[in-house]
Amino acid sequence: MAVVPRALGDYAPAAGAEALERLRAAAEPLAGARVAHVSVAGTGGRVPELLGAMLPLAAGLGLRIEWRVLFGDDHLKAGVRALQDGMQ
């Protein structure tokens, strides 16, 4: 899925200048780093909502963001659920 960078200033009214400066400082050492997010379609949860909001922010901070969505049958979804359960 395409990730369009969002300007950090767009978040200023809600987050405030201090929070944005801390984000900018935290992201600076990662500038240009490639980050790939992989999710599975149809597994429920709020992943699309969360990533849809967070990834444009990360891209706006200078990270190279990729978001891949896997489509598959029930075997893929069961495998993903087992993996998630094992990581919690």
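**Chat about a predicted model**

User: Let us start with Ser 39: buried or exposed?
Analyst: Ser 39 counts as buried, because its relative accessibility is 11%. Here buried means under 20% relative accessible area, exposed means over 50%, and partly exposed is in between, with a 1.4 Å probe and protein chains only.

User: What kind of model is this, and how are residues numbered?
Analyst: This is a predicted model, in which local features need pLDDT of at least 70 and side-chain atom pairs count only at pLDDT 80 or more, while totals for chains, interfaces and linings use all residues. Residues are numbered from 1 along each chain as its sequence is written, and side-chain values use heavy atoms, with hydrogens and water left out.

User: Which element holds Ser 39, and what does Ser 39 touch?
Analyst: Ser 39 lies in strand β1. Apart from residues up to four places away in sequence, Ser 39 touches Val 47, Trp 67, Arg 68, Val 69 and Leu 70. Contact means heavy atoms within 4.5 Å. The side chains of Ser 39 and Trp 67 are also joined by a polar contact of 3.0 Å. A polar contact is a pair of N or O atoms within 3.5 Å; within protein, one must be able to donate a hydrogen and the other to accept it, and residues adjacent in sequence count only if both atoms are side-chain atoms.

User: What about Val 40, buried or exposed?
Analyst: Val 40 is buried, because its relative accessible area is 12%. Val 40 is also found in strand β1. Not counting residues up to four places away in sequence, Val 40 touches Leu 70, Leu 76, Lys 77 and Val 80.

User: How far apart are Val 40 and Leu 57?
Analyst: Val 40 and Leu 57 are 17 residues apart in sequence, and their C-alpha atoms are 21 Å apart in space. Phe 71 and Val 40 are 31 residues apart along the chain, with their C-alpha atoms separated by 6.1 Å.

User: Where is Phe 71, and what does Phe 71 touch?
Analyst: Phe 71 lies in the loop between β2 and α4. Phe 71 counts as exposed, because its relative accessibility is 67%. Leaving out residues up to four places away in sequence, Phe 71 touches Ala 41 and Leu 76.

User: Now the overall fold. How many helices and strands are there?
Analyst: The protein has four helices and two strands, which follow the pattern α-α-β-α-β-α along the sequence. Helices (H or I, at least four residues) and strands (E, at least two) are DSSP runs, numbered from the N terminus.

User: What is the radius of gyration?
Analyst: The protein has a radius of gyration of 15 Å, whereas a compact globule of 88 residues would have one near 12 Å. The radius is taken over C-alpha atoms, and the globule rule is 2.2 Å times the number of residues to the power 0.38. Along its principal axes, the C-alpha trace spans about 45 × 25 × 25 Å. Of the 88 residues, 23% count as buried.

User: What can be said about the length of α3?
Analyst: Helix α3 (residues 47-60) has 14 residues and should span 20 Å at 1.5 Å a residue, which agrees with the 20 Å between its end C-alpha atoms. The expected span of a helix is 1.5 Å times one less than its number of residues. Just after α3, Gly 62 takes a positive phi of about 105 degrees.

User: Which residues of α3 are buried, and what covers them?
Analyst: The buried residues of α3 are Leu 51, Leu 55, Pro 56, Leu 57, Ala 58 and Ala 59. Their cover includes α2 (17-27), β1 (34-40) and β2 (64-70).

User: How many residues are in the largest nonpolar core?
Analyst: The largest nonpolar core has 14 residues, and Val 3, Leu 55, Leu 61 and Ile 65 have the most contacts inside it. The elements giving two or more residues to this core are α2, α3 and β2, and α3 gives the most, with five residues. A nonpolar core is a set of buried Ala, Val, Leu, Ile, Met, Phe, Trp, Tyr and Cys residues joined through side-chain atoms within 4.5 Å.

User: What does Leu 61 contact?
Analyst: Leaving aside neighbours within four places in sequence, Leu 61 is in contact with Leu 8, Leu 23, Arg 24 and Ala 27.

User: Last topic: what caps the N-terminal end of α4?
Analyst: Asp 73 caps that end of α4, with a side-chain oxygen 3.0 Å from the backbone nitrogen of His 75. Helix α4 (residues 74-87) has 14 residues and reaches 20 Å from its first C-alpha to its last, close to the expected 20 Å.
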